[in-house]
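Subject: Structure handover

Hello,

Please find the structure below, passed on to you for your own reading. My notes come after it.

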Amino acid sequence: MGGLRRLGAFDQWLAGLALVLMLLIPLLEIVLRPLFGAGIENGPGLVQHLGLVLAMFGALVAERQGELSSLCSGLANSANPLLRKAADYFARASSALIAGMLAEASWTFVVSEMAAPRNLAYGMPGWLIEAAMPLGFLLLAVRFAARLGHNWPGRLLAAVGLPLCGMLFAGHFDGDTLPLWPFAIWLAAMLLCGAPIFTVLGGLALALFWQEGQPLAAVSLSHYQITVNPSLPALPLFTLAGLLFARSGAAARLGQLFTALFGSGVSGTAIAAAVLCSFFTAFTGGSGVTILALGGLLLPLLTKAGFPERRGISLVTSASALGVLLAPSVPLIMYAIIARQPINTMFLAGLLPAVVMVGFLLLAGGYLRRSPTVPLAGPEKAPALPVKTALWAAKWEVLAPVVAIGSLISGLATPTESAALTTAYALFTQALVHRELDWAQIGHTLRQCAAVIGGIMVILGMALGLTNYLVDAGIPDAATEWVQAILPNKFAFLVALNLFLLLAGALMEIYAAIVVLVPLLLPVAISYGIDPVHFGIIFLANIEMGFLCPPAGMNIYFASAMFGKSIRYVAGSVLPALLAMFLGVLTISALPFLANWLPAVFGH
């Protein structure tokens with residue numbers, strides 16, 4: 001039985017191995033180049049293709065752990081048990097069919113690559129790793145379908161039948177012209193029933209290509225292109241570094257340092273909490289991780305300093321959304337990739353706007369105001385630890401951004417090498433220096449990172465397929481003409497842009513929003529004379545507010561689970577923060593130098 005269980009967990013072993021190799025190869029490149037004048041044969045290409053393996057088998061890990069993101073789950077959360085069960089069955093069966101279609105489309109792409117094979121490195125043909133796409137989608141289809149049966153015969157029948165039906169349908173009608181409206185109705189029902197986002201986006205991309213009679217392999221080509229992007233390996237490596245810090249005592253040491261720097265009263269504790277949450281979200285790649293890692297630490301500190309519980313929950317929940325603009329956040333890197341901007345430029349561009357957003361949150365949100373109803377627990381000026389003591393205890397964590405950002409903006413390392421150095425630094429300091437991570441914890445962190453990145457990457461791949469269709473159809477050009485006709489000047493456009501992005505952030509998962517909306521909105525922004533770097537900061541500042549807005553506002557759900565409060569309670573508590581952050585976004589929109597000054601100073 002244990003052997004079967006280990007066999008069923010092969011996906012996490014493959015994803016973990018891919019992640020380890022993605023870490024080791026850039027580090028070996030850094031060592032070998034000065035010694036021998038060359039590194040591993042096509043080392044960057046190997047790392048990029050390992051990203052494809054990580055994406056597909058990480059998605060399988062995410063599915064097994066129930067971590068594939070859904071956008072809407074209204075019917076799946078119905079109070080009626082029969083309706084809830086029917087919605088779950090419909091979502092899983094439909095997801096199995098679409099994953100089967102994607103497996104067939106991916107296999108067609110791999111077959112075309114076999115016809116003209118390209119060597120990846122050391123004689124290894126590229127199609128051998130590309131075959132992870134059809135295999136991964138097929139296994140996802142089997143997993144979705146197998147959960148429908150109540151016994152082994154039923155599960156086996158569903159696991160074989162539904163994926164096969166999807167593959168046969170896609171293979172038979174590939175290149176034919178099919179109407180869009182039946183797919184649109186089907187996908188809308190899937191969305192309401194809580195199907196994973198990637199299946200809805202992938203199904204829509206397939207439907208649009210079917211409507212035009214175009215080959216379905218174009219969807220798989222888009223997924224391949226995004227997962228082997230030269231800068232993309234930085235995402236899982238920076239995420240792994242952040243998760244390693246989150247699993248150790250780094251949060252407690254940083255909390256002591258910031259409390260010592262800013263004081264332990266109302267104002268000092270609020271500033272320390274906001275800075276710490278922002279910093280941690282930038283490194284972990286997810287504000288939900290920050291809430292789970294820091295919530296239990298910060299809420300007692302805030303209440304002890306004089307915060308009412310509701311206001312303390314509000315500050316932790318909202319401040320955890322602010323790290324999106326700070327390097328090395330995953331959304332910041334994703335925007336740089338999609339908008340074709342240098343990653344180091346975006347790292348510099350986000351720094352001042354992030355400070356502005358934190359300032360508006362604290363000042364306009366009223367978090368620096370002392371509550372008249374709750375007495376202070378102690379003198380405001382007395383820090384928990386002397387600054388020198390706290391700084392020395394947290395010295396390794398404080399130096400982490402220097403390693404991450406310094407190696408990149410100095411030009412000493414590529415984005416992937418910078419991320420690998422940061423991950424190696426996190427492993428060295430937390431496992432060897434502090435001795436807070438053992439092999440079991442490191443293995444668990446690898447699995448967690450694989451699930452997070454796999455869940456993100458399948459969304460990105462499907463979203464890019466949809467985006468490529470929209471670009472080929474001329475939608476961005478049409479959008480530019482339409483917007484210019486109704487919004488006469490740059491100021492009107494910026495106001496409309498901020499309102500639209502706030503709504504989009506509330507309705508869309510952040511990574512899907514970046515891949516789908518940036519290619520559509522960036523040309524419109526440029527037509528109004530808005531710099532792409534400034535637009536990216538406006539875009540991300542708005543989208544990070546979406547973390548606090550239902551239905552896609554994941555911070556609300558994480559905070560509800562963490563603090564044991566209702567979703568309505570948490571959502572109501574963050575309303576002042578949302579208003580304060582929106583004022584910050586308007587300020588960033590009106591003052592382009594906030595985003596452009598630091599890149600200009602450093603010559604980027």
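This is a predicted model: local features need pLDDT of at least 70, side-chain atom pairs count only at pLDDT 80 or more; totals for chains, interfaces and linings use all residues.

Residues are numbered from 1 along each chain as its sequence is written, and side-chain values use heavy atoms, with hydrogens and water left out.

Salt bridges

Side chains of opposite charge can pair when their charged atoms come close. A salt bridge here is a side-chain nitrogen of Lys or Arg within 4 Å of a carboxyl oxygen of Asp or Glu. The search of the whole structure gives ten of them.

One joins Asp 88 to Arg 92, with 3.3 Å from N to O. Both belong to helix H4 (residues 81-115), and because they are four residues apart, about one helical turn separates them. Helices are DSSP runs (H or I, at least four residues), and strands are too (E, at least two), numbered from the N terminus. Asp 88 is partly exposed at 32% relative accessibility, and Arg 92 is partly exposed at 25%. For these words, buried means under 20% relative accessible area, exposed over 50%, and partly exposed in between (1.4 Å probe, protein chains only).

In another salt bridge, the closest N and O atoms of Glu 113 and Arg 118 are 2.7 Å apart. Glu 113 is buried at 17%, whereas Arg 118 is partly exposed at 42%.

Arg 253 and Glu 436 also form a salt bridge, at 2.8 Å from N to O. Arg 253 sits in helix H12 (residues 250-262) and Glu 436 in the loop between helix H21 (415-433) and helix H22 (439-472), so this pair ties together parts 183 residues apart in sequence. Arg 253 is buried, with a relative accessible area of 10%, and Glu 436 is partly exposed, with 27%.

There is also a network of salt bridges, which links Asp 11, Glu 63, Arg 64, Arg 143 and Arg 147.

A glutamine in helix H2

Which residues does Gln 12 contact, leaving aside its neighbours within four places in sequence? They are Val 61, Arg 64 and Arg 447, where contact means heavy atoms within 4.5 Å. Gln 12 lies in helix H2 (residues 10-36) and is buried at 16%. Its side chain makes a polar contact of 3.4 Å with that of Arg 64. A polar contact is a pair of N or O atoms within 3.5 Å; within protein, one must be able to donate a hydrogen and the other to accept it, and residues adjacent in sequence count only if both atoms are side-chain atoms.

Helix H3 (residues 43-64) has 20 of its 22 residues buried, so the rest of the structure largely encloses it. Gly 66 follows H3 and has a positive phi, near 70 degrees.

Among the buried residues of H18 are Pro 353, Val 356 and Leu 361. After H18 comes Gly 366, with a positive phi near 80 degrees.

Most residues other than glycine have a negative phi, and most peptide bonds are trans. The bond from Ala 327 to Pro 328 is cis, with omega near 0 degrees. Pro 328 is in the loop between helix H15 (309-319) and helix H16 (330-339).

Arg 340 has a positive phi, near 60 degrees, and is exposed at 76%. Arg 435, in the loop between H21 and H22, has a positive phi of about 55 degrees and is exposed at 70%.

Regards
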